[in-house]
Amino acid sequence: MAIGSGLGAQLGVAAETTYGTFVAPAKFIEFTKESLVLKKTTAQSAGIAAGRLLALSTRRVLTRREVSGSIDLEVTNKGMGPLFQSLMGTTVTPVQQGAGPAYLQTHTLADTAGKSLTIQKGVPLTTGAVTDKTFLGCKVTSAEFACEVGGMLTSSYEFDGKDCDEAQTLATASYPAMAPFHFGQMAVKTGVFGTETARDGIRKVSVKIERPQEVERFYAGQAGLKKEPISNDQVKITGSLESDYIDTTLDDLHTSDAAISLVWEFVGPLIAATFFETFRITLPAVRLDEGPPVVDGFGVIKPTYNFTGLYDGTNQPKIEYISTDIAL
């Protein structure tokens, strides 16, 4: 029996082969909170019948079902591949680095067609029995990463899903030894793509990647369930850099509206040879939207530069992840 509270909850994920078709979860993620729920649409018959004062319960019908919600979690040094792949769209096979146990995943921005997840949630009753809610056809519609002084690298994923199945067997959760990435491992680099150099004075970074999709694909003959969402707008990448005002580099970029490449990375312990646990986001072209310095008191000036990530015409944004995971 599990603990009869959130302490006994679990989340398992698995990449689907076919949209909305159950795959038993093989990886279990440590999360801080979630809000995945079934959303249903009902219709009530309202026919007039002599003397009837209240609508008949038997005349209420369920016309469609779908799933929405989010998962918040720390970014760790293992097990993140399925989420990154669902966000970025590229089919990824980890590549061994050297001859040791380090494997590189390169998640380059691409269309997310065919990239959906089964997410199985275990929710404990107060008795300790754990109920199963399995969400099928979960597509990432946005994800945001953030880290600040003294904190962990955190992430939040928004999902749209096809259906909730409560008839599956709840998988037994197991967790490999893992550790979170954190501020002490963080570096920010800017410059010409491929030759970026470290920036000083950065205190907090956030990056949000939005994947707009047509999520209203409800058709006749589908039993009230949707078909796989399709991308219906360009990807939107935004973020912010909170800093101390130590030089005018970012300020000048704001003034000129020039593009610059941004690398945000976390480098953890050595895995083997020269390969370290790594999480890295590369945005080949960002432009600063706002954030010129203002003086609002006696303290150090701390501008926050908001930016938009764009395509430089050659290089796509990417997430690189080095871990000991030999498969997603």
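How far is the sulfur of Cys164 from the closest cysteine sulfur? The distance is 9.2 Å, to the sulfur of Cys138, which is too far for a bond. A disulfide is a covalent bond between the sulfur atoms of two cysteines. Here a disulfide is counted when two cysteine sulfur atoms lie within 2.5 Å, and the count for this structure is zero. Cys164 is buried at a relative accessible area of 7%, and Cys147 is buried at 2%. Buried stands for under 20% relative accessible area, exposed for over 50%, and partly exposed for what is in between (1.4 Å probe, protein chains only).

The model is predicted: local features need pLDDT of at least 70 and side-chain atom pairs count only at pLDDT 80 or more, while totals for chains, interfaces and linings use all residues. Residues are numbered from 1 along each chain as its sequence is written, and side-chain values use heavy atoms, with hydrogens and water left out.

Side chains of opposite charge can pair when their charged atoms come close. The structure holds 17 salt bridges, each a side-chain nitrogen of Lys or Arg within 4 Å of a carboxyl oxygen of Asp or Glu. One of them joins Lys121 to Glu34, with the closest N and O atoms 3.1 Å apart. Lys121 is in strand β8 (residues 117-124) and Glu34 in strand β3 (residues 33-34), so this pair links parts of the chain 87 residues apart; strands are DSSP runs of E, at least two residues long, numbered from the N terminus. Lys121 is buried at 8%, whereas Glu34 is partly exposed at 25%.

A salt bridge also connects Glu166 and Lys133, with 2.6 Å between the closest N and O atoms. Glu166 lies in the loop between β11 (163-165) and β12 (186-191), and Lys133 in strand β9 (residues 130-148), so the pair ties together parts 33 residues apart in sequence. Glu166 is exposed at 51%, and Lys133 is partly exposed at 28%. Shared partners join Arg64, Glu66, Asp160, Glu216 and Lys226 into one salt-bridge network. Within it, Glu66 and Arg64 meet at 3.0 Å, N to O; Glu66 is buried at 7% and Arg64 partly exposed at 23%.

Notes: Helix = DSSP H or I, 4+ residues; strand = E, 2+ residues; numbered from the N terminus.
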